[in-house]
Amino acid sequence: MTATPHRGWGACAVLLVPVLWLVAFFLAPFIIVLKISLSRTAVAQPPYLPVFDLAAGWSGLTSFFAQLTLDGYQLLISDQIYLFSYLKSLQVAAVSTAILLLIGYSIAYGIARAPRRLQPLLVMLVVLPFWTSFLIRVYAWINILQRDGLLNDVLMTLHIVDTPQVWLSSDTAIYIGVVYSYLPFMVLPLYATLEKMDEVLLEAAADLGCPRWKTFWLVTLPLSMPGVMAGVLLCFIPIVGEFVIPDLLGGSDTLMIGQTLWTEFFSNRDWPVASAIAVALLALLLVPIVIYQRLQTRQLEGLR
């Protein structure tokens, strides 16, 4: 009779830990950023007004809310540089995710169909780049893609090009850096899904006279969609806000939203606008997450 309450308190404690974690490290910082986004830029420390002061009492609280403004969000709508940054980030993220899906699915499929004893080794090779610092890997690509770098040396040695090509400070360099850096995030969820697939289904399709390409299209691909969706989200969402790769490998005409946010926050010291950019970016990234959740809900309802 006394075991049930203990189990109840234990279950509540287990649920309370992630809730407190989300409140402390997501909800509270988001509220602070949201408040700053509704403030006005000021030459002060901190560089915005109004500043919340509990000692001012009720009158100070009403004055605080009265001074909040939407000027930061109005600037995002009126200035085309912010719209261009958002669109450029979405373009880079969409194209990079599509390339990652094509390459990552091929790699994950090959690992899943490899002999069982070799699969752990192949998975380790996929995650091996994580053993090196992300920043060092990006700087390595600078040496590879520069005019007298390794890539041009190889292409000229193979007589594919006659003169060194310009790879660095271009969209191509950004795509190369993004695809290289985020490839494991696409391969791992795809492999986890493909590895669990029942091969009896493939054998049954072959027995019914279904060619291999049709078996892949009608059986393998639909059953691997959870891994596809997980990999797409794991890559698309962080790529949209990527800062390091476009800043080091991209050119001056490639301005993504992460670079714009950094410029407003550190160079221009315009914290309200930078916070408004961050809040708008979060709202933008919630769209694919909501779509994914609805698709997952429909899939679960279909299984029932």
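Guide: The centres of domain 1 and domain 2, taken over C-alpha atoms, lie 35 Å apart. Domain 1 covers residues 13-69 and domain 2 covers residues 79-301, with bounds that come from an automatic or database domain assignment. The model is predicted, so local features need pLDDT of at least 70 and side-chain atom pairs count only at pLDDT 80 or more, while totals for chains, interfaces and linings use all residues. Residues are numbered from 1 along each chain as its sequence is written, and side-chain values use heavy atoms, leaving out hydrogens and water.

Between the two domains, 13 residues of domain 1 are in contact with 9 residues of domain 2, contact meaning heavy atoms within 4.5 Å. The size of an interface is often given as the accessible area lost when the parts come together. Here domain 1 and domain 2 bury about 860 Å², 75% of it on carbon and sulfur atoms; this is the accessible area (1.4 Å probe) that the two parts lose, summed over both.

Helix α4 (residues 80-113) has two helix partners to consider. Helices are DSSP runs (H or I, at least four residues), strands likewise (E, at least two), numbered from the N terminus. With α11 (residues 225-240), the axes of α4 come within 9 Å and cross at roughly 145°. An axis is a line fitted to C-alpha atoms, for helices over the stretch in contact, and angles between N-to-C directions run from 0 to 180 degrees. The contact includes L100, L101 and Y105 of α4 and F236 and I239 of α11. It holds 13 nonpolar, 3 polar and no charged residues. Ala, Val, Leu, Ile, Met, Phe, Trp, Tyr, Cys and Pro count as nonpolar, Asp, Glu, Lys and Arg as charged, and the others, Gly among them, as polar.

With α5 (residues 119-127), α4 packs at an angle of about 155°, the axes being 9 Å apart. The crossing of α4 and α5 is left-handed. I107, I111 and A112 of α4 meet Q119, L122, V123 and V126 of α5. By class, 6 of these residues are nonpolar, 1 is polar and none is charged.

Notes:
Left-handed = near helix turned anticlockwise from the far one by under 90°.
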